[in-house]
Amino acid sequence: MDSTSIITQVSKEDEIISSSQEKVSQSSLSLKKQRSRSFFNSFLCCFRDYNVESTNSNSNAQIPTLEENGSIAKPINNADFIVPVEIDGTVHQVYVLKRPHVDLFLQKMGQLFECVLFTASLAKYADPVADLLDRWGVFRARLFRESCVFHRGNYVKDLSRLGRDLSKVIIVDNSPASYIFHPENAVPVQSWFDDMSDTELFDLIPFFEGLSKEEDVYSMLQNLRGR
């Protein structure tokens, strides 16, 4: 695909890079892209736990957690972020719990790949969460539910619409239904809710460091699926 890809339609890179990266020169960014071999990495798994509470209701009343494809998560008592979101005319508090090691994971991935957030969540709550989570400007673009394809009851991330060579595309996702069109490009991860001893993101870093040196992602991803 050309410049009509949904990435270029949704956002420009200079609108997403955080203030901490505004001091980086364009030449430095170009060198980083060359080192990353133009790999494209799409992330989901950082926005799993949304517990929502209405600001207009009883303080003990809770609305079920909001998740990508309609599933429900357990309530969160030790949220890292609280984001106000208007839903159907009512302002709710969205409670977000970060998966262990996600900060280190994002920083490392930003050094190795061109990273894009691709989520089936609605922009009105996923976008402010991304603002809080991605303090380093790792995500070069953010794609939300309207960029997905509704297929057999699920919102699918159609990687062919991204305007990138699919042999250099990776999607990190906990839901096989989300990458059903391109399972050969997926790095599956376990669903996560509140296990603070979880190390999956940390354990995946060496794998991605090796993958960043490959010209074609398919061989290593096939070996990963065969384990």
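These questions and answers walk through a predicted model. Numbering starts at 1 along each chain as its sequence is written, and side-chain values use heavy atoms, leaving out hydrogens and water. Local features need pLDDT of at least 70 and side-chain atom pairs count only at pLDDT 80 or more, while totals for chains, interfaces and linings use all residues.

Me: What is the mean pLDDT of the protein chain?
Reply: pLDDT is the predictor's confidence in each residue, from 0 to 100. Of the chain's residues, 69% reach 70 or more. Over residues 11–66 the pLDDT is below 50. The chain mean is 77.

Me: How many contacts does the model have for residues 69–74, beyond four places in sequence?
Reply: A contact means heavy atoms within 4.5 Å. Residues 69–74 have pLDDT under 50. Their count beyond four places in sequence is 17.

Me: Are helix 4 and helix 6 roughly parallel or roughly antiparallel?
Reply: Helices are DSSP runs (H or I, at least four residues), numbered from the N terminus. Axes are lines fitted to C-alpha atoms over the stretch in contact, with angles from 0 to 180 degrees between N-to-C directions. Helix 4 and helix 6 pack at about 10 degrees, their axes 9 Å apart. Under 35 degrees counts as roughly parallel, over 145 as roughly antiparallel, 65 to 115 as roughly perpendicular and the rest as oblique, so helix 4 and helix 6 are roughly parallel.

Me: How many nonpolar residues are in the contact of helix 4 with helix 6?
Reply: Helix 4 brings residues including Phe105 and Leu112, and helix 6 brings residues including Leu201 and Phe208. Ala, Val, Leu, Ile, Met, Phe, Trp, Tyr, Cys and Pro count as nonpolar; Asp, Glu, Lys and Arg as charged; the others, Gly among them, as polar. The contact has 2 charged residues and no polar ones. Its nonpolar count is 10.

Me: Which residues of helix 7 meet helix 6?
Reply: The axes of helix 6 (residues 200–211) and helix 7 (residues 218–225) come within 10 Å and cross at roughly 150 degrees. The two are therefore roughly antiparallel. From helix 6 come Phe207, Gly210 and Leu211. From helix 7 come Met220, Leu221 and Leu224.

Me: Which residue forms a salt bridge with Glu200?
Reply: A salt bridge is a side-chain nitrogen of Lys or Arg within 4 Å of a carboxyl oxygen of Asp or Glu. Here the closest N and O atoms are 2.8 Å apart. Glu200 lies in helix 6, and its partner, 101 residues apart, lies in the loop between strand 4 (90–96) and helix 4 (102–112). That partner is Arg99.
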